[in-house]
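Hello,

Please open it first and keep it beside you as you read.

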Amino acid sequence: MVASPRFTRRTITDQVTEDLRERILSGDFLAGTQLRQDAIATEYNVSRIPVREALQRLDAEGLVTFQPHKGAIVAQLSLDEIEELFEVRRLLECELLRHSVPRLSADDIRAATEILDVYDEALRAGDIARWGELNRQFHERLYQASNRPKTLEIVRTIGNNTVRFTRAQLALSGATERAEREHHDILDACRAGNVSLAVSLLDQHISDSCKSLIECLRVARAGNDA
């Protein structure tokens with residue numbers, strides 16, 4: 001068990017939700033893990049009420065499911081479900097970028113470049129744990145100028161459902177160099193204001209990521225079933 005965080009800001013439910021979400025996304029809680037409300041409440045030194053509310057929020061996000069006689073379980077996704085989520089991501093993110101590129105400011109490009117620099121350092125250092133958050137920040141920075149907050153919210157939820165698998169895929173496949181190169185190509189197209197090229201590169205980037213992930217997971221799950 002990790003040390004209990006200090007809950008001093010926001011509501012207790014908010015903070016329990018955020019901490020549990022991060023532990024699921026980081027792989028601390030693996031798919032299929034039973035999340036016992038009483039144990040979590042004891043660990044965080046809170047009542048079961050905020051824990052129950054936090055688990056219900058994570059259920060709405062697709063990270064947790066409730067099963068009869070077991071309670072809350074870290075959600076497992078089938079390969080078909082993961083592929084479907086990536087397809088939705090591809091459609092929504094390409095549309096966001098299409099609207100965003102003509103509106104990107106010099107500050108947007110500078111901020112995205114700075115995030116990508118840190119992202120590159122994390123990958124080269126083998127710090128896969130930081131990759132997910134930096135990847136999210138980079139993409140969201142490019143999409144923010146689209147002025148479509150509801151679509152961004154949907155994309156963020158989908159990302160939370162796939163990033164825990166993608167982190168493992170990067171570590172297993174060694175595809176970090178490709179990811180690094182593709183991000184720089186997308187940023188260069190955005191910097192040049194080339195909408196069609198930026199969208200095409202993003203489309204291919206998400207499609208390639210999905211294919212690589214599905215291949216890695218298929219091999220890994222076949223090994224587990226053997």
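Is E87 buried, exposed or partly exposed? With a relative accessible area of 35%, E87 is partly exposed; here buried means under 20% relative accessible area, exposed over 50%, and partly exposed in between, using a 1.4 Å probe and protein chains only.

A word on the basis of these notes. This is a predicted model, so local features need pLDDT of at least 70 and side-chain atom pairs count only at pLDDT 80 or more, while totals for chains, interfaces and linings use all residues. Residues are numbered from 1 along each chain as its sequence is written, and side-chain values use heavy atoms, with hydrogens and water left out.

Now the overall layout. The protein has nine helices and three strands, where helices (H or I, at least four residues) and strands (E, at least two) are DSSP runs numbered from the N terminus. Starting at the N terminus, the order of elements is α-β-α-α-β-β-α-α-α-α-α-α. Of its 226 residues, 45% count as buried.

Next, the salt bridges. A salt bridge is a side-chain nitrogen of Lys or Arg within 4 Å of a carboxyl oxygen of Asp or Glu, and by this rule there are 17 salt bridges. One of them joins E43 to R23, with the closest N and O atoms 2.9 Å apart. E43 lies in helix α2 (residues 37–44) and R23 in helix α1 (residues 12–25), so this pair ties together parts that are 20 residues apart in sequence. Both E43 and R23 are buried.

E87, from the opening question, is in a salt bridge too: its partner is R90, at 2.6 Å from N to O. The two sit in helix α4 (residues 79–100), three residues apart, which is about one turn of the helix. While E87 is partly exposed, R90 counts as buried at 18% relative accessibility.

D38 and R36 form another salt bridge, their closest N and O atoms being 2.7 Å apart. D38 is partly exposed, at 33% relative accessible area, and R36 is partly exposed as well, at 46%. There is also a network of salt bridges, which links E133, R136, E140 and R156.

What about aromatic rings? The structure holds one aromatic pair. The rings of Y119 and W131 have their centres 6.4 Å apart and their planes at 50°, so the pair is tilted. For this, rings of Phe, Tyr and Trp (its six-membered ring) pair if their centres lie within 6.5 Å, and planes under 30 degrees apart count as stacked, over 60 as edge-to-face and the rest as tilted. Y119 belongs to helix α5 (residues 106–124) and W131 to helix α6 (residues 128–143), 12 residues apart, and the pair links these distant parts of the chain. Y119 is buried, at 0% relative accessibility, and W131 is buried at 7%.

Last, a loop residue. R148 is found in the loop between α6 and α7 (149–173). R148 is partly exposed, with a relative accessible area of 32%. R148 and E95 are 53 residues apart in sequence and 10.0 Å apart in space, C-alpha to C-alpha.

Enjoy looking around!

Best wishes
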